[in-house]
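Load the model in your viewer and keep the sequence panel open. The tour below goes selection by selection.

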Amino acid sequence: MAPKRKTSDADVDSKPNGSHANKKGRTNLREPHPNAKQTEDFGIVLREFYPPEMSNERCQAYNDGTIERPIETLEKACRDTADQRRSINAGKAVVHWFKNDLRLHDNRALHTAFTIARDHQIPLICLYIVSPEDFEAHLTSPARVNFILRTLERLQRDLAEVDIPLYSETQEKRNRIPSRVVELCQKWGAKHLCGNVEYEVDELRRDAKLVRLCAENEIDFAPTPDTCVVTPGALSSQQGKQYAVYTPWFRSWLAFLKENPDYLELSEEPGSNLGDARKTFADLFDCSIPTAPRSKQLPGDEKVRFEKLYPAGEHEATQRLEKFLEEKATKYDEMRSDLSGEYTSILSPYFACGALSARTAVVTAKRLNKNWLDRGNQGYVSWISEVAWRDFYKHVLVHWPFICMNKCFKPEHTNIEWEYDADQFQAWCDGKTGFPIVDAAMRQIRHCAWMHNRTRMVVSSFLSKDLLIDWRRGERYFMEHLIDGDFASNHGGWGFGSSTGVDPQPYFRIFNPLRQSERFDPDGEYIRRWVPELRDIQGKAIHDPYSTKEAAAIAEKQGYPRPIVDHADSRARALERYKRALHG
Ligand SMILES: Cc1cc2nc3c(=O)[nH]c(=O)nc-3n(C[C@H](O)[C@H](O)[C@H](O)COP(=O)(O)OP(=O)(O)OC[C@H]3O[C@@H](n4cnc5c(N)ncnc54)[C@H](O)[C@@H]3O)c2cc1C
């Protein structure tokens with residue numbers, strides 16, 4: 001029997017599905033639930049920002065393999081153009097297109113570009129395109145945009161030292177990017193374009209289009225897998241299926257790396273540019289890095305603060321990595337959830353923009369751990385397994401691309417009936433819920449554009465379980481504020497906390513904010529740092545200030561709010577709603 005032809009999802013997914021109700025007739029999340037208590041504002045926000053949700057049937061079609069995934073569209077474009085690309089000559093230059101791989105060291109596509117340039121004795125040119133529409137579409141926070149642009153400035157200086165120009169421009173219309181890249185290659189006489197794969201849906205589709213457009217114009221382009229240690233799609237269960245649960249996936253990830261040690265080989269950074277780059281492309285060396293689009297600009301004082309908190313560039317990333325691995329990693333297993341000090345690496349902003357490769361991180365930790373990935377010092381082992389979570393969520397995104405389209409990983413979770421209380425949502429954003437641990441964390445994200453993993457779990461559970469507010473509001477808020485915002489990890493994290501995405505737990509988990517606070521901030525140091533109203537409260541009462549007379553008097557005097565919900569009642573309500581949605 002002839003295999004069933006796959007339809008491409010490129011145009012279909014972008015069309016509204018036209019329905020506000022799912023198969024069971026319940027209202028889905030395109031619109032607030034009709035019974036929801038909501039203000040008009042909140043309704044408008046939801047309608048305006050949520051693109052149409054994909055139907056459960058289409059999600060199922062992805063699962064059945066009857067719709068082509070964006071990664072398959074890209075792979076097909078590369079296969080279809082392979083013969084054409086092979087016959088392309090060297091040209092007058094080679095171009096490396098930077099995206100979220102802003103580093104020289106261990107950058108696979110950049111290494112390939114440099115090798116081609118050196119072999120043909122022609123110059124290498126680097127390119128970066130600032131895309132305001134992509135920043136909007138991906139909800140990139142101003143702190144992250146600022147960090148990317150600062151990293152580019154460092155990168156430009158480092159490249160100039162080896163006579164490689166970094167040309168950068170703003171492209172207002174993102175659908176113009178493929179043709180603009182081709183135009184630039186033609187202008188520079190380049191016949192080879194190199195770049196690493198980005199795994200988000202829009203980017204995979206853009207690159208598939210670009211591969212074909214390049215081939216039509218006699219330019220060789222086939223993006224390189226680089227961002228994950230193990231390439232998405234390389235791991236499958238014995239039944240040939242993609243893993244949806246982390247633990248078996250991680251075992252498979254470890255086994256794969258043992259069998260394929262070349263996946264842990266690091267690429268050298270480019271040496272001096274050959275050819276006559278400084279002369280031929282003199283104007284490109286004068287190009288300055290564009291400023292942030294207006295909607296993504298940071299106020300001046302915040303710029304200074306973020307520069308101090310997160311100095312940009314791969315040198316800083318490497319120093320942080322080495323310092324963390326030498327001074328803290330051996331205790332990571334015991335200490336990582338302790339909120340009072342800095343026991344994690346705070347490398348996520350650097351991973352997110354590609355100033356540090358996950359491969360380099362794993363290889364360096366492995367080396368210090370006597371060459372073990374999964375034995376030896378537990379601190380190193382558990383840190384490596386955390387870096388692997390980043391891979392895991394990217395593998396999930398590639399296999400279940402509909403999660404990019406406002407869809408829960410498990411379609412049945414669409415049936416959950418959410419609350420739409422704008423005041424409660426605002427209290428969560430402002431860190432004024434009356435739950436000190438939640439408030440401390442929400443104030444930390446506002447100030448630092450970063451939050452500890454433990455509190456990310458606590459506040460996501462609080463929003464989607466205690467307040468029963470649509471988890472996508474929280475997912476969105478995180479992306480808009482985090483300096484390390486990464487679609488796959490953020491979606492995965494919200495799934496973990498809210499049981500609406502890839503939930504690695506076989507049971508439904510609701511965090512108790514009070515217990516989390518007592519356990520991971522036993523002396524209340526973290527709370528005192530971020531919630532100054534509670535600084536004078538002594539002892540355990542800091543975790544629940546309205547539980548004792550003395551503490552309540554201080555909290556009240558300082559204007560600290562009473563808890564906006566009762567955790568026991570909220571827990572019961574959440575369980576009942578989730579049960580009703582999942583079991584009818
Ligand atoms: C609700 C929620 C949202 C999240 N959103 C993001 C996000 O947008 N971007 C992001 O990078 N991480 C996200 N995470 C994962 C995690 O919280 C951060 O990666 C981590 O806190 C970063 O701090 P660190 O660099 O000190 O991590 P370390 O503890 O030092 O870990 C090292 C690296 O491993 C990776 N990592 C660690 N834990 C995880 C994890 N649970 N999932 C995926 N990768 C992990 C990160 O790249 C991290 O930098 C989210 C987690 C939750 C629960």
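How far apart do the end C-alpha atoms of residues 92-229 lie, and what share of the span is helix and what share strand? Select residues 92-229: the end C-alpha atoms lie 33 Å apart, and the span is 49% helix and 17% strand. Keep in mind that this is a predicted model. An unreviewed UniProt entry lists residues 92-229 as "domain: Photolyase/cryptochrome alpha/beta".

**The sheet**

Next, show the strands E3, E4, E5 and E6. These 4 strands form an open sheet with parallel pairing, in the order E5-E4-E3-E6. Strand E5 (166-170) and strand E6 (190-194) are at the edges with a single partner strand each, so one side of each has no neighbour in the sheet. On average, neighbouring strands of this sheet are turned by 25 degrees against each other, direction ignored.

Zoom in on strand E4 (residues 124-130). E4 runs parallel to E5 and is joined to it by 5 bridges. Pick Tyr128 here; opposite it in E5 stands Ser168.

H5 lies across strand E3 (93-98), E4 and E6, and runs at about 170 degrees to E3.

**The two domains**

Colour residues 73-228 and 406-583 separately. The domain assignment gives these as domain 1 and domain 2, respectively. Between their centres, taken over C-alpha atoms, there are 40 Å. The contact takes 8 residues from domain 1 and 9 residues from domain 2. On the side of domain 1 that touches domain 2, there are 3 nonpolar, 3 polar and 2 charged residues.

**Around the ligand**

Centre the view on the ligand. Which residues come nearest to the ligand? Of the 30 residues around it, the nearest are Thr344, Ser345, Asn453, Asn490 and Gly493. By class, the shell around the ligand has 12 nonpolar, 12 polar and 6 charged residues.

To see where the shell comes from, select helix H16 (348-353), helix H18 (378-399), helix H21 (453-466) and helix H23 (487-498). Each of these helices supplies at least two residues of the shell around the ligand. End on H23, which gives the most to this shell, with 7 residues.

Key. Residues are numbered from 1 along each chain as its sequence is written. This is a predicted model: local features need pLDDT of at least 70, side-chain atom pairs count only at pLDDT 80 or more; totals for chains, interfaces and linings use all residues. A residue is near a molecule or strand if its C-beta atom, placed from the backbone, lies within 6 Å of it. Ala, Val, Leu, Ile, Met, Phe, Trp, Tyr, Cys and Pro count as nonpolar, Asp, Glu, Lys and Arg as charged, and the others, Gly among them, as polar. Domain bounds come from an automatic or database domain assignment. Two residues are in contact if their C-beta atoms, placed from the backbone, lie within 7 Å. Two strands pair if DSSP finds at least two bridges between them. Axes are lines fitted to C-alpha atoms, for helices over the stretch in contact, and angles run from 0 to 180 degrees between N-to-C directions. UniProt positions are given in the numbering used here, feature names are shortened, and annotations may be inferred rather than shown by experiment.
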